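Here is a friendly walk through the strands and helices of one model. Please have a look at the fold before reading on.

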Amino acid sequence: MAKQIHSMIRVLDEDRSLKFYDKAFGLKVADRFDFDDFTLVYLSNPESEFELELTINKGQSEPYDVGNGYGHLAVSVDDLDTEHARFEVEGLAPRKLVEFAPGGERIARFFFVADPDGYQIEVLERGGRFK
């Protein structure tokens, strides 16, 4: 079977993105590769082996168009209320808490937050299929 190891996004400002992902999710630089035209930065934390790869294209001065094909990344947390409050205190502008319960049965509880480049991240409460 295939094992998921990372997802890549292009970011405009490396420092701004590193600060956001550290503050929001405790992601630290696991590796960094600098090339003539671009830099690759891999972020991770002890919770998972899955990494987020940031690609910084040198000479890019305009923000990237996230486009209408991108959906979101997702992370899970034990205490959604505490994380939502922490995001607010940190100035990360989380959107409202949502309890998704079509037909009366709760499927998920979550909120969304956007990173500095406009990528959407869903923060889900652990439970059920969201471990």
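How many bridges join strand 1 to strand 4? There are five, and strand 1 (residues 6-10) runs parallel to strand 4 (residues 48-57). Met 8 has Glu 53 as its bridge partner in strand 4.

This is a predicted model, in which local features need pLDDT of at least 70 and side-chain atom pairs count only at pLDDT 80 or more, while totals for chains, interfaces and linings use all residues. Residues are numbered from 1 along each chain as its sequence is written, and side-chain values use heavy atoms, with hydrogens and water left out.

Helices (H or I, at least four residues) and strands (E, at least two) are DSSP runs, numbered from the N terminus. Two strands pair if DSSP finds at least two bridges between them.

Strand 4 also forms a hairpin with strand 3, with two residues between them. In this pairing Phe 38 stands opposite Asn 57.

| Strands | Sense | Bridges |
|---|---|---|
| strand 3 (residues 38-45) and strand 4 | antiparallel | seven bridges |
| strand 5 and strand 8 (residues 120-125) | parallel | five bridges |

Now to the open sheet of four strands, with order 5-8-7-6 and mixed pairing. Strand 5 (73-77) and strand 6 (98-100) are at its edges with a single partner strand each, so one side of each lacks a neighbour in the sheet. Val 77 stands opposite Glu 125 in strand 8.

Helix 1 (residues 14-25) packs on this sheet, touching strand 5, strand 7 (108-114) and strand 8 (contact means heavy atoms within 4.5 Å). The direction of helix 1 makes about 10 degrees with that of strand 8; axes are lines fitted to C-alpha atoms, for helices over the stretch in contact, and angles run from 0 to 180 degrees between N-to-C directions. Helix 2 (residues 80-89) also touches strand 5, strand 7 and strand 8, and its direction makes about 15 degrees with that of strand 7.
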